[in-house]
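Subject: Structure for your review

Hello,

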Amino acid sequence: MATSRRSLRGRRRGLVVSGAVLGLLLVLGLADSVASPFLLLGVVSSGTLGLLGWHSRRTRAARQEAERVARSCQVLAGQLRVGRIPVEALATAAEDCPSLAEVVSAQRIGADVSAALRSASRKPGAAGLASLASAWYLAERSGAPMAAAAEHVSTQLADAARLRRAVSAELAPARATGKLLAALPLVGIAMGFLMGGHPDEFLLVHPLGRWCLAMGISLACLGVLWTEVLAERVERRTR
């Protein structure tokens, strides 16, 4: 039932996006030659800013969740080292991690803890819980001590968090360079004014100039988005 609801929401979201795209194409097709470049410019600029903002919020939330999962696994390993039983240790570790709190709630109603951990690991940033789910499953089935397995998972997640921060720091200059290159056309226009020219008369009044302005800014926005795509691919491979 939950899967079908998610599928239905996905289809509705797809229909909304498709309708918005078709509506945009219709507006662009009906717009006259004067308004079309500026309409394209507004749509592309606002769309790029919206995508960058959405991606930034999504990435920040995933990183925060990954940090919470790593800290919670460290707490879990520490609780197990001092002799607490796994269920109590998990409840203590879940105090700072909503994903683990859902697992504890599932455990209290008799659900399988390892299955609940695997389900929680599908959330953005919580992939580390999949390793904890495997450790929990093996400990339950084999009777092996959970403390050593939790310690191994905790160390693994801490190393992954350090690698993630290092990769993000290395990619920050590339992302900044992409945004700087996108702003260079504005520098060129400013230089045209300083040299005594009037680029605004060509870019804002002449039909060819309007289309050049719209396409130039569109290509600059595309370059910024492509830089983010490449950076995201690198980060995904490190994960």
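A pocket here is an open set of points on a 1 Å grid over the protein atoms alone, with protein on both sides within 12 Å along at least five of seven lines; a 1.4 Å probe is used, and lining residues have an atom within 4 Å of a point. Points are joined across faces, edges and corners, and a volume is the space filled by probe spheres set on them.

The model is predicted: local features need pLDDT of at least 70 and side-chain atom pairs pLDDT 80 or more, while totals for chains, interfaces and linings use all residues. Residues are numbered from 1 along each chain as its sequence is written, and side-chain values use heavy atoms, without hydrogens and water.

The second largest pocket holds about 280 Å³. Its lining has 14 residues, with Ala182, Ala183, Ile217, Ala220 and Cys221 nearest the centre. Helix 2 (35-81), helix 7 (146-194) and helix 9 (207-238) each give two or more of them; helices are DSSP runs (H or I, at least four residues), numbered from the N terminus.

Helix 4 (residues 98-108) packs on helix 5 (residues 113-120) at about 150°, with axes 9 Å apart. Axes are lines fitted to C-alpha atoms over the stretch in contact, and angles run from 0 to 180 degrees between N-to-C directions. The pair is therefore roughly antiparallel (over 145 degrees). Contact (heavy atoms within 4.5 Å) involves Ser99, Leu100, Val103, Ala106 and Gln107 of helix 4 and Val113, Ala116, Leu117 and Ala120 of helix 5.

The axes of helix 3 (residues 86-93) and helix 4 come within 8 Å and cross at roughly 145°. Val87, Leu90, Ala91 and Ala93 of helix 3 meet Leu100, Val103, Val104 and Gln107 of helix 4.

Regards

Conventions:
Angles under 35 degrees count as roughly parallel, over 145 as roughly antiparallel, 65 to 115 as roughly perpendicular and the rest as oblique.
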